[in-house]
Amino acid sequence: MVTSETLAKGRLGRQSPDERRENILAVAAEAFALEGYGITSMSTIAARLGGSKATLYKYFTSKEELFQAVMQRKCEAVIGPLEELADTSRDPASLLYAFGKIFLTRLCQPDALVIHRTVHGEGQRFPEVARTFFAYGPEAAYSVLTPAFARFHEEGLIDCPDPRLAAEQFLAMVRGDLHLRVSSGLIPPPDDAEIERQVAHAVGIFVRGISRRDRAD
């Protein structure tokens, strides 16, 4: 993990290209979180890095490209475990419960809440923010869950002729009102017990809804 101490040393010491790129991403993520996408510029990020814009542009040709890389880096940590679950699970209910817990837990973490608020606050003025968020966030999650629904449908375990729509609706149920209240600052992030309660309830309703009639009994 890149820490403030590591960043300070990185500005003064010699870094490999990979280390420098990780340094840039960590500093940019902090800048976007603290200042917002609109105010943050390549100049301010370069200043935080303690280097020149020329060096920054060697790695990222624009602020939009840099923001995309930050989003991709954050989402990969979530999507990896979800992909493994979707590929190996043989039981729809077990998959959805595990998938939902990871998904909702991640959505309610501070950095994810910052991204969500950034999209809602600046997405209209900066459409690239909304496009990047949906590409690496919701769309990535849908692309993992949709093939699993399709596989379960083909195996006769569920009745789900539109797996993409099912993926969208299931994750909407998992988010529910809870994520909206948390992201709006009305309540603190939920603990593990509350996340499990929310996800278990969503899974119970959803699985009953997509169960094959000849298997429901």
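The model is predicted: local features need pLDDT of at least 70, side-chain atom pairs count only at pLDDT 80 or more, and totals for chains, interfaces and linings use all residues. Residues are numbered from 1 along each chain as its sequence is written, and side-chain values use heavy atoms, with hydrogens and water left out.

**Overall build**

The protein chain has 12 helices and zero strands. Helices (H or I, at least four residues) and strands (E, at least two) are DSSP runs, numbered from the N terminus. The C-alpha trace spans about 65 × 35 × 30 Å along its principal axes.

**Helix packing**

Two packed helices are described by the angle between their axes and the distance between the axes. Axes are lines fitted to C-alpha atoms, for helices over the stretch in contact; angles run from 0 to 180 degrees between N-to-C directions.

| Helix pair | Angle | Axis distance |
|---|---|---|
| α8 (residues 127-136) and α9 (residues 138-154) | about 25 degrees | 2 Å |
| α7 and α10 | about 85 degrees | 10 Å |

α8 and α9 are therefore roughly parallel to each other. α7 is roughly perpendicular to α10. Angles under 35 degrees count as roughly parallel, over 145 as roughly antiparallel, 65 to 115 as roughly perpendicular and the rest as oblique.

Contact means heavy atoms within 4.5 Å. F133, F134, A135 and Y136 of α8 touch P138, E139 and A140 of α9. This contact has six nonpolar, no polar and one charged residues. In the other pair, L113, H116 and R117 of α7 meet H179, V182 and S183 of α10. Ala, Val, Leu, Ile, Met, Phe, Trp, Tyr, Cys and Pro count as nonpolar; Asp, Glu, Lys and Arg as charged; the others, Gly among them, as polar.

**Largest pocket**

A pocket is an open set of points on a 1 Å grid where a 1.4 Å probe fits, with protein on both sides within 12 Å along at least five of seven lines; lining residues have an atom within 4 Å of a point. The largest one has a volume of about 480 Å³, the space filled by probe spheres set on the points. It is lined by 24 residues, and F103, L107, F133, G137 and P138 lie nearest its centre. The lining has 16 nonpolar, four polar and four charged residues.

**Salt bridges**

The whole structure has 10 salt bridges (a side-chain nitrogen of Lys or Arg within 4 Å of a carboxyl oxygen of Asp or Glu). One joins D111 and K74 at 3.5 Å, N to O. D111 lies in α7 and K74 in α5, so the pair ties together parts 37 residues apart in sequence.
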